[in-house]
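Biologist: Let's go through this chain by question and answer. Please end each reply on the value or name I ask for.

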Amino acid sequence: MIWPDILFVFILALLFTLLVTGPFRWRYSRAEGVWPAAAFLFLVFLAVIWAAGVWSVPYGPALWNVYWLPFVLAGLFLALIILAISAAVRPPPTVETERAEAGLAALFGAFFWILILGSIAAIAIGYAT
């Protein structure tokens, strides 16, 4: 059944997004604000947690017929990676660093869409098999 998975993954993605953007002060672009950054972060958590939960071996206790431990561990691992990457000290802005950040933003945008589309494909294949 897919509906318990959807509900459980949605709740976990929301909790991990709030955890990373709230108390840990995840760095976001001040030009765009926290809401668009949190929305993209929520989509990343949603897709990756769901794909990892579908493809992992079911273990741990079941809650609503969902073995929740693989989903939680995938979310925790992704949150730690995001926090470790965003903890780097940023140099003061200059013209050169602004150009470099613009190129880096384009690269991360492409990576975001590849990650989302790959996760959706992994979810679809996981439920089809």
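Biologist: Which helix holds T17?
Modeller: This is a predicted model, where local features need pLDDT of at least 70, side-chain atom pairs count only at pLDDT 80 or more, and totals for chains, interfaces and linings use all residues. Residues are numbered from 1 along each chain as its sequence is written, and side-chain values use heavy atoms, with hydrogens and water left out. Helices are DSSP runs of H or I with at least four residues, strands are runs of E with at least two, and both are numbered from the N terminus. On that count, T17 sits in helix 1.

Biologist: Is T17 buried or exposed, and at what relative accessible area?
Modeller: Buried means under 20% relative accessible area, exposed means over 50%, and partly exposed lies in between (1.4 Å probe, protein chains only). T17 is classed as buried because its relative accessible area is 6%.

Biologist: Which residues does T17 touch, leaving out those up to four places away in sequence?
Modeller: A contact means heavy atoms within 4.5 Å. By that test, and without the residues up to four places away, T17 touches A38, L41, F42 and F45.

Biologist: How are helix 1 and helix 3 oriented to each other?
Modeller: Axes are lines fitted to C-alpha atoms, for helices over the stretch in contact, and angles run from 0 to 180 degrees between N-to-C directions. Helix 1 (residues 3-21) packs on helix 3 (residues 69-86) at about 25°, with the axes 10 Å apart. Angles under 35 degrees count as roughly parallel, over 145 as roughly antiparallel, 65 to 115 as roughly perpendicular, and the rest as oblique. The angle therefore makes the pair roughly parallel.

Biologist: How many nonpolar residues are in the contact of helix 1 with helix 3?
Modeller: Helix 1 brings D5, F8, V9, L12, F16 and V20, while helix 3 brings F71, V72, G75, L76, A79, I82 and L83. Ala, Val, Leu, Ile, Met, Phe, Trp, Tyr, Cys and Pro count as nonpolar, Asp, Glu, Lys and Arg as charged, and the others, Gly among them, as polar. The contact has 1 charged and 1 polar residue, and its nonpolar count is 11.

Biologist: What is the C-alpha separation of V20 and I82?
Modeller: V20 lies in helix 1. It is buried, with a relative accessible area of 0%. V20 and I82 are 62 residues apart in sequence, and their C-alpha separation is 8.2 Å.

Biologist: Which residues does G75 contact, leaving aside neighbours within four places in sequence?
Modeller: G75 is in helix 3. It counts as buried because its relative accessible area is 0%. G75 and I49 are 26 residues apart along the chain, with C-alpha atoms separated by 5.5 Å. Neighbours within four places aside, G75 contacts F16, F45 and I49.

Biologist: What is the C-alpha separation of A121 and A51?
Modeller: A121 is in helix 4 (residues 95-128). It counts as partly exposed because its relative accessibility is 36%. A121 and A51 are 70 residues apart along the chain, and their C-alpha atoms are separated by 8.7 Å.

Biologist: In what order do the elements run from the N terminus?
Modeller: The chain has 4 helices and 2 strands. From the N terminus, their order is α-α-β-β-α-α.
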